[in-house]
Each structure stands twice: as C-alpha cells, then as structure tokens.
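This report is a guided first look at one structure, taken topic by topic. Please keep the sequence and the 3D view at hand while reading.

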Amino acid sequence: MNSTIISQKKENQTSFFIKEKSKQYALKAASYFVLILTSLAVLVPFLWMLSASIKLDNDVFEFPVRWIPENPRWENYKEIWEILPFSIFYKNTAILAVTITVLSLITSSLAAYAFSKIKFPGRNAIFICYIGTIAVPFQVYMIPQFIMMRKLNLTDTLLSLILLQSFSAFGVFLFRQFFISIPEELSESARMDGLSEFGIYLRIILPLAKPAIATLTIFQFVFVWNNFLEPLVYLTSTDKKTLQLGIRMFMTQYTADYALIMAATVVSLIPVVILFFSMQRFFIEGIATTGIKG
Amino acid sequence: MEAVKSISHRSSKRNSLERRNTLRAYAFLLPNFIGFLIFTLIPVVCAMLLSFVEWDSANPMVFVGLKNYARILKDETFMISFWNTLYYTIGTVPLTMVCSLVIALVLNNKLKGIKFFRAAFFFPYIVSMVAVAVVWNMIFHPTMGPVNSFLMALGIENPPGWTASVEWAMPAIIFASVWRQMGYFMVMYLAGLQGIPRELYEAAVVDGANSWQKFKNITLPMLTPTSFFVSVMCVINGFKIFDMVAVMTEGGPGRATNVLVLHIYNQAFLQMKFGYAAAVSMVLLVLVLSITVIQFKGEQKWVNYM
C-alpha cells in the first residue's frame, strides 16, 4: 500500500520533470528566436552602412536593399582620404584619445590612492567636491571653461581639450572605489618592510587594480574618440578637427555622396570597435559595477 | 616623569607622522587636483556668477542681476526647447527601460552564445553619436530612405517625412536614441537579474507560482534598485541630449527638435550671449538636480533594498 503510493508519487514527479524539461526547451527555443530577430534588428543599420559604403552613390538607396553589391566599389575607401584631410582628422583624434587616456589614468589613480589609502585632514571635503562635479552636467560649466581657454589663448588647439579632460573626476571615483576594496593589511605590511608610499602605489596597489585600469582606459578612450560637443566648441580650423567633426563636415560639404559618407563613418569606427571586442569583458563588467558614465 | 616624557614624545611623533602623511597625500593628490580645480571646480562656480552678467566677449562685462533669468521666461525659443527636451525625455525613458529589461530577461535564460548577443546589443552604444545619427538620417530619409521605401512597398502612400517633418522628427530621434542606449542599460539589468537569489524562484515554484507571477512578485520587486538607478541615469541623459539632435536635425525643421543644450550652445557660441546662455544652463542644472531629488524622495515608496 505504502510502496504503491510512493511509486505513484515518483511517477507523477518524473512526468512533472519531463513536462518542466520540455517547457524549458520551448522557452529556450523561443528565447533564441527573439534574440536572433532583435539582435539582427539592432545590427541592421550597421550592415546597411557597411553595404552602402562599397556602393556607387546612385545605388545606396536602391530598394529592395541589395546587401552585397554586384560590383563592390572599394575605391570609396581610398577616395575619402583624398577628398577631405581625413588623415589629419584621424591623427588629431588619436593624439587626443591616447594623451587624455594616459594622463587621466596617471593623475586619477594617484589621487585615488590619497583618497583611499592615506588619512589626511580635509579628505572627505575634497572628495565631496569631486563627486559633486560628476553630478553637474558638463553643459553647465562649458561656457566658463571656454572663456578661460580663450583668455589663455588656447582655443583651437588640441591642448585645450587635453587640459579639460585629463583630470577626470570620474576616474578618481572609479579608482577610489576599487582601491578601498584592496585590504589595508597589504599596504600595511609593505610599509613595515620599508616600502615608500609611492612604492606601495606602484608595486602593490596598481598591479592589483588591473580591472579598474582596463575599465577607465576603455571608457576614456571611447569617450574622447566619440566626443562631439567639446571639439565642436573648441576646434575651428580644419587642420585641428577630429573625426567626428570631419564626418559632419563630410555631410555638409558632400551631401550628395552618401556612399563616401558611409565609408568615412566605417573607418572612423575601427579603433573603437577593435578596443571593444578585445576588452569587451572589462567594459561590460565596468558598467555593471560602476554604471556612472552616461 | 619618565612616563610623561615618553607620552609627549610619542604624541609629537604621531604629530610628525600625521604631518608627513598629509604632505604625502597632497603630493599624490596634486597632479589631478590642480587640473580639477582650474578646469572643472572653478568653472562650475563661475557658471553661477556668469548667469548674473551680460557679456558678449567684445564689450566689458555688465552686472545685470536677475535680468537674464527674467529674459528666459519671455524667450519663446527657450520654452519650445524646454518642451522638446521634456518630450524627448518622456519618450525615451520608459521605452529604454522596457526594451532593456526585456532583452536582459531573455538573455538571462542561461543560453549558449549569450556573450555574442550581449555584445551585439551593446554595440550601438560604443559607436559615436555622430556616426549613429548619420546612419539613421539616411535610413529615415523622407524620399529615398529604406524605411519609407519599405512603408511604400507595404502600400502606405504618404509615409511620414521623419527628420524633415515637424511631427515626426522627434519620434525619429527618440527611436534612434532608444536603439543606441538600450544595450547599455540592458547590461545593468543583467547584473541586477544575476543578483537575485535562485532560492526565491525555487520557493515560488514549490508554492505553485507561474512564470508571470514569478516575474511580477519576485523579479520586478527585486530589480527595483536597478530600475531606480536606470531611471535616474536615463532622465539625466535625456535632459542633456545634444549630439543626436545636432547631427540629425540641427534643431529643425523650424524649431521642432530644438532642445535645451542646443539652445545653450546657440546662445553662447553662435550668438555670443554668454551671460544669458549661462543662465539657461543654470536652469538646466536646477531641472536635473530637482528631478533627481524628486526621484530620490520617491525612492522609499517603490524601491526595495534587501
């Protein structure tokens, strides 16, 4: 009597599990279907851009869309370097992105070390100033910044943008959050061993902070590479302009040549895309944990 | 006597240690702080002061008190920009939140290839706003763009003019913005979802809850901290919208997509009305801050912290 109940129960349970299993399969299949469809929809503009970039200008808007043109026009990618000083734009953008990223890595990790590992009077007050400015939209203080730069005769120089962006409060915040998670005992015992404060920063803390370094590198590089408003305000002469300004220039000067605009856009994306795919993990984890930069 | 001596000795030692620590801290702080002070902190304070003067950079500055603020109230373009910014924000925030949550929920089903999909959805976010705006501008082209070609192929005779029409320019910008930023917030939702303890779902299954009940009674409430953060970020981003509009429509047609930051930019750098533009930027600051404060006030009502 007892055993039949148990076996019946078992049977019920297995059928329940089988039902659950098949339900799970159905759910998985449905999920894949939705994912493939939506990710395609998300990527379609890029595919369209890629295909337009190797078309004759007349064929860009042909409908139905021919995704792979019969005679791909690779010359588009050569022409963009000839029509506009595209290589100068590229060089300017690279100078800005690399310099600003390196400088902000150095200055903000140093400052974050002071905020997290050394006790000194006024520490909290100064840190609150940093946090406070993160909350203030950049557009609020861009006008005084611009006036200051003009007083210093630095408008229309790359240096102006380097000065404005290399002392990132966001970077300080990001490094500090990471440094306080590193146990105090580590630096304490290094201090006992006679390592100087700078030695502790360089040899102990920085090697442990690789994820934070990677995160800030990507954030800052991508931000500077894609930045539009500040270059638009500061850089006026053609030989100082960045890629983003160059593309907009392309649009206004060659409104008709859509294929070339698309080729230029594709080329402008390459460094950021490479960086993204090689350091994707840090990027996405960085957002999940800090989620500050909008 | 000896003891007293040793204590005073120790405290002076501690004092000198403290002083040395302070010096060291300042040395670490200095490279960043000098730049931060000059190029961020002082300009933030100056923005406030600048809003009380009239200045076109050619003539000397004149203190005008609250005149700039009074002028804002009578400025028709400001009002239009304000409503457009609000329209944009109200349009993007819920759409972005729903889309990113739905994608995160689907991605959270322990599927193979999740990394590929995650990267695909995230991809638009790393692409510059200028590039995104250029592509969408062409896709939304009123006469030749693929969107309208598709609509016409479906038999719709007068498809919307998108960026060339007063009614449809803003929806087009909202659509492109949601498309661009949903991957970013999806990552946050994904992190939130992964933080929900599995036991809760297991307990719910034992109690006989169906998927919808699980979603409504476990997932959504457990995600409220993430949703709160996402909504704050989204609203702030909404009020700061500039790049997309500047490249896609330049505020047009007419003033149909003129937003606050574009108004600030035009007033300051094209019209050279620095004082007035600073006043408008202070209004932007107050708007952003007060909305954030309101959101934080409402936080206790709907956000659950474990």
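Ile36(A) lies in helix α1, residues 2-53 of chain A, where helices are DSSP runs of H or I with at least four residues, numbered from the N terminus. At 43% relative accessibility, Ile36(A) counts as partly exposed, a class that falls between buried (under 20% relative accessible area) and exposed (over 50%), using a 1.4 Å probe and protein chains only.

Together with Leu40(A), Val44(A), Leu47(A), Leu50(A), Trp67(A) and Ile68(A), Ile36(A) forms a nonpolar patch on the surface, with about 650 Å² of accessible area in total. Such a patch joins nonpolar side chains (Val, Leu, Ile, Met, Phe, Trp, Tyr) within 5 Å, each residue having over 30% relative accessible area and no salt bridge, and the areas come from the Shrake-Rupley method with a 1.4 Å probe, only the protein chains shown counting as cover for residues.

## How the model is read

This is a predicted model, in which local features need pLDDT of at least 70 and side-chain atom pairs count only at pLDDT 80 or more, while totals for chains, interfaces and linings use all residues. Residues are numbered from 1 along each chain as its sequence is written, chains are lettered from A and ligands numbered from 1 in the order in which they are written, and side-chain values use heavy atoms, without hydrogens and water.

## Where the chains meet

Chain B and chain A bury about 7900 Å² between them, 79% of it on carbon and sulfur atoms; buried area is the accessible area (1.4 Å probe) that two parts lose on being put together, summed over both. On the chain B side, Phe28(B), Phe39(B) and Met138(B) lose the most area to chain A, together 11% of what that side buries.

One salt bridge is counted between the two chains, and Arg24(B) forms a salt bridge with Glu197(A), their closest N and O atoms being 3.8 Å apart; the term requires a side-chain nitrogen of Lys or Arg within 4 Å of a carboxyl oxygen of Asp or Glu.

## Two loop residues with positive phi

Asn153(A), which is not a glycine, has a positive phi of about 60°. Asn153(A) sits in the loop between α5 (138-151) and α6 (158-165) of chain A, and counts as exposed at 68% relative accessibility.

Met272(B) likewise has a positive phi, near 60°. Its place is in the loop between α11 and α12 (274-302) of chain B, and at 28% relative accessibility Met272(B) counts as partly exposed.

Definitions and conventions
Patches are made of residues with over 30% relative accessible area and no salt bridge: like charges are joined within 9 Å, nonpolar side chains (Val, Leu, Ile, Met, Phe, Trp, Tyr) within 5 Å.
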